[in-house]
Amino acid sequence: MVLDHLLETAFCVSGLSGTLTVATAGGRRFRAGDGDGPAAAIRFTDAAAARELLLDPELKFGELYTDGRLVLESGSLPELMTVLLGRNRGEPALRQVRALAALRRLGRRIAGRNTLLRARRNVERHYDLDDRLYALFLDADRLYSCAYYARPGMSLEEAQTAKMRHIAAKLLTGPGQRVLDIGCGWGALALYLAGVAGCASVRGITLSAEQHRVAQARAAERGLSARVRFALEDYRRLHGTFDRIVSVGMFEHVGPAHYDAFFRTAHDRLAEDGVMLLHTIGRTGVPWPTNPWITRYIFPGGHLPTLSEMMPAIERAGLMLADAEVLRLHYAETLSAWRSRFLAHRAEAAALYDERFCRMWEWYLASAEAAFRYEDAVVFQLQLTRRNDVVPLTRDYIADAEARLRRAEETTGETAREAGWEAKPTRATG
């Protein structure tokens with residue numbers, strides 16, 4: 001009875017948006033929330049589950065759902081996330097969340113070194129899952145980062161192409177350039193920069209053996225192996241000079257202890273008149289440890305930086321910020337599309353893994369979407385240079401470059417169809 005009372009009190013003081021009906025393992029039911037929004041109902045299967053949630057809600061909510069000890073009886077996961085997070089705007093309501101975050105921040109400082117071996121192992125745990133899994137919910141070009149919804153009603157494929165176009169425009173890409181892609185994924189952006197933007201050479205690096213294999217196969221299939229090369233390589237081992245450097249969705253894995261090393265490497269590898277574009281998930285609030293469930297089960301070693309964490313390292317490296325854009329809600333829409341596709345192929349995912357894995361992946365996609373809708377998660381695009389006279393004085397060049405790239409996409413698309421190597425959702429090409 002005491003545990004049930006504590007549970008009810010915790011939910012009732014949490015500032016919930018909508019209505020949450022809670023059923024305890026002992027059969028007691030109560031409601032919490034302001035009634036102004038969606039409704040959801042959850043049930044605890046054992047008393048220990050409720051106790052664990054009270055002690056560490058950030059970790060245990062997702063863990064209990066994954067393990068089937070917290071059951072969603074009515075409503076969808078996005079509706080539950082809206083009820084839980086719709087009003088907090090990134091500010092945790094429970095005191096134990098703040099206290100545990102302080103302890104986790106201290107632990108990260110003590111043991112947060114992202115060594116070469118740890119970096120590779122962290123990548124392997126997520127990106128070297130069965131290749132067929134990603135084909136279930138990503139676009140055909142296998143882009144696993146925030147899309148760019150430049151206009152309402154865009155499909156996921158259109159928005160991902162718009163993202164590559166937007167990045168290529170900000171990089172001022174063109175013929176004759178040598179490009180470095182740090183964290184190249186399955187190779188889509190590197191192939192775009194060579195095949196559409198016309199860059200002379202692109203070097204993509206990744207720590208994922210599976211991504212490396214697929215990226216190499218795609219380059220060969222498109223006849224671009226001579227200009228686009230992929231390597232299993234850590235950014236700290238890089239050599240050479242590049243006219244353009246791009247990094248999309250990789251910086252989240254670097255870790256604050258290594259920001260200086262990352263940006264010093266970028267400075268040393270970037271030509272004096274070069275341009276770099278860093279695309280990373282971040283936070284608009286104060287520095288805060290990444291959700292512990294995400295770092296334990298999805299992205300080990302991950303950290304979402306604030307501008308206040310990045311900028312000192314950028315300045316110390318001798319780089320200057322030429323342009324900054326904050327993509328708000330774009331990732332929420334991307335994750336919503338991924339989740340819809342995952343649910344449509346859920347049986348196939350269960351056949352690859354099991355029901356527990358599917359619940360874990362559903363929680364990951366839904367909770368990540370909620371972080372971008374209701375908390376302080378955003379995507380930063382930072383344009384960096386070594387000199388202040390490299391980029392045009394106004395931002396008009398971005399729209400002009402995007403129009404030029406759009407025309408090149410149409411030409412390249414015709415060539416691809418004639419050659420038979422347009423992107424196909426297969427195991428070999430992604």
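## Confidence of the model

The protein has an average pLDDT of 90, and 87% of its residues score at least 70; pLDDT is the predictor's confidence in each residue, from 0 to 100. Over residues 423–430, pLDDT stays under 50, and the model has 27 contacts beyond four places in sequence for this stretch, a contact being heavy atoms within 4.5 Å. Where pLDDT is low, the predicted coordinates should not be read in detail.

This is a predicted model, in which local features need pLDDT of at least 70 and side-chain atom pairs count only at pLDDT 80 or more, while totals for chains, interfaces and linings use all residues. Residues are numbered from 1 along each chain as its sequence is written, and side-chain values use heavy atoms, with hydrogens and water left out.

## Overall architecture

The protein has 17 helices and 11 strands. These elements are DSSP runs numbered from the N terminus, with helices (H or I) of at least four residues and strands (E) of at least two. Of the 430 residues in the protein, 55% are buried. Buried means under 20% relative accessible area, exposed means over 50%, and partly exposed lies in between (1.4 Å probe, protein chains only). Among contacts between residues at least 6 apart in sequence, 73% join residues at least 24 apart.

## The cavity

A search of the whole structure finds one cavity of 30 Å³ or more. On a 1 Å grid over the protein atoms alone, a cavity is a set of points where a 1.4 Å probe fits but cannot get out, and lining residues have an atom within 4 Å of a point. The largest cavity holds about 510 Å³ of space; grid points are joined across faces, edges and corners, and a volume is the space filled by probe spheres set on the points.

The lining of the largest cavity consists of 34 residues, and Gly183, Cys184, Gly185, Gly249 and Met250 lie nearest its centre. The elements that give two or more residues to this lining are helix H6 (116–127), strand E5 (178–182), helix H9 (188–195) and strand E6 (201–206). H6 supplies the largest share, four residues. By class, the lining residues comprise 17 nonpolar, 11 polar and six charged. In this division Ala, Val, Leu, Ile, Met, Phe, Trp, Tyr, Cys and Pro count as nonpolar, Asp, Glu, Lys and Arg as charged, and the others, Gly among them, as polar.

Arg244 belongs to strand E8 (residues 242–248) and counts as buried because its relative accessibility is 9%. Although Arg244 and Leu180 are 64 residues apart along the chain, their C-alpha atoms are separated by 6.3 Å. Beyond four places in sequence, the contacts of Arg244 include Leu171, Leu172, Gln177, Leu270 and Asp273.

The side chain of Arg244 also reaches the backbone oxygen of Leu172 at 3.2 Å. This is a polar contact, a pair of N or O atoms within 3.5 Å; within protein, one must be able to donate a hydrogen and the other to accept it, and residues adjacent in sequence count only if both atoms are side-chain atoms. Leu172 itself lies in the loop between helix H8 (156–170) and E5. Leu172 is partly exposed at 25% relative accessibility, and its phi is near 55°, a positive value in a residue other than glycine.

Ala47 is found in helix H2 (residues 47–55) and is partly exposed, with a relative accessible area of 40%. Not counting residues up to four places away in sequence, Ala47 touches Leu3 and Ala25. Lys60, in helix H3 (residues 57–66), counts as buried because its relative accessibility is 16%. The side chain of Lys60 makes a polar contact with that of Glu63 at 2.4 Å, and Lys60 is also in contact with Glu52 and Leu53.

In helix H13 (residues 307–316), the buried residues are Met310, Met311, Ala313 and Ile314. They pack against helix H11 (259–269), strand E9 (270–283), strand E10 (320–327) and strand E11 (377–385). After H13 comes Gly318, which has a positive phi near 85°.

## Leu329

Leu329 is located in the loop between E10 and helix H14 (330–344). Its phi is positive, about 70°, although Leu329 is not a glycine. At 40% relative accessibility, Leu329 counts as partly exposed.

Note on methods. 1 Å grid on protein atoms, 1.4 Å probe; cavity = no way out; pocket = protein on both sides within 12 Å on 5 of 7 lines; lining within 4 Å.
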